[in-house]
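Keep a viewer open as you read.

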Amino acid sequence: MKINACIDFPAVAMGPTVSRKLLAYEQGENGYTINLMSAKAGAGAPPHAHPHLQAVYIISGEGTFRVGDETKVIKAGDMVQIDGNVPHTFDDFAQDTTWLEFFTPVREDYIPKA
């Protein structure tokens, strides 16, 4: 059993108003990464894509989220799935927003170096 295995890893700034805190990860065939994310109202990010399946669960706040050609306002309680290699982004946060993001397989680039 692993409990709070990543507790000592610091949050990482993804820009001046967005941060990422690694909560858990597992490497190997069934690998995954789970992050706690936060952004200030008015923040946004450039579109990007990666080979990982990603699920986003909004804990609090709301923002305009774009996946491929589809744009929707998502808010607390919403869950979004993004298939691998599909461009996506938060275009704008209407409020301070906190969310969980889950990736599979593991995001090797998000694992802190020893």
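Which residue forms a salt bridge with lysine 40? The partner is aspartate 96, and the closest N and O atoms are 4.0 Å apart. Before going further, a word on ground rules: this is a predicted model, where local features need pLDDT of at least 70 and side-chain atom pairs count only at pLDDT 80 or more, while totals for chains, interfaces and linings use all residues. Residues are numbered from 1 along each chain as its sequence is written, and side-chain values use heavy atoms, with hydrogens and water left out.

Back to that charged pair. A salt bridge here is a side-chain nitrogen of Lys or Arg within 4 Å of a carboxyl oxygen of Asp or Glu. Lysine 40 lies in the loop between strand 3 and strand 4, and aspartate 96 in the loop between strand 8 and strand 9, so this contact ties together parts that are 56 residues apart in sequence. (Strands are DSSP runs of E with at least two residues, numbered from the N terminus.) Lysine 40 is partly exposed, with a relative accessible area of 47%, and aspartate 96 is partly exposed at 44%. For those labels, buried means under 20% relative accessible area, exposed means over 50%, and partly exposed is in between, with a 1.4 Å probe and protein chains only.

The salt-bridge count comes to 6. Another one of them joins the side chains of lysine 2 and glutamate 26, at 2.8 Å from N to O. Lysine 2 is in the segment before strand 1 (12-13) and glutamate 26 is in strand 2 (residues 18-26), so the bridge connects parts 24 residues apart in sequence. Lysine 2 counts as exposed, at 59% relative accessibility, whereas glutamate 26 counts as partly exposed, at 31%. Then there is lysine 75, whose side chain meets that of aspartate 78 at 4.0 Å, N to O. Lysine 75 counts as partly exposed at 45%, and aspartate 78 is partly exposed too, at 22%.

Now for the rings. Rings of Phe, Tyr and Trp (its six-membered ring) pair if their centres lie within 6.5 Å; planes under 30 degrees apart are stacked, over 60 edge-to-face, and the rest tilted. By that rule there are 6 aromatic pairs. One of them is stacked: tyrosine 32 and phenylalanine 102 sit 6.1 Å centre to centre, with 15 degrees between the planes. This pair links distant parts of the chain, with tyrosine 32 in strand 3 (residues 32-39) and phenylalanine 102 in strand 9, 70 residues apart.

Phenylalanine 103 and tyrosine 110 give another geometry: their ring centres are 5.8 Å apart and their planes are at 85 degrees, so the pair is edge-to-face. Both of these residues are buried. The charged end of arginine 20 sits over tyrosine 110, 3.7 Å from the ring centre. Arginine 107 lies over the face of phenylalanine 103, at 4.9 Å from the ring centre. Elsewhere, Phe65, Phe90, Phe93 and Trp99 form one aromatic cluster.

A pocket, on a 1 Å grid over the protein atoms alone, is an open set of points where a 1.4 Å probe fits, with protein on both sides within 12 Å along at least five of seven lines; lining residues have an atom within 4 Å of a point. The largest pocket holds about 390 Å³, a volume being the space filled by probe spheres set on the points, which are joined across faces, edges and corners. Of its 24 lining residues, the closest to the centre are Met14, Val18, Met37, Ala45 and His48. The elements giving two or more residues to the lining are strand 4 (53-60), strand 8 (88-93) and strand 9 (97-104). Strand 8 provides the largest share, 4 residues.

How values were computed: A charge sits over a ring if NZ of Lys or CZ of Arg is within 6 Å of the ring centre and within 35 degrees of the ring normal.
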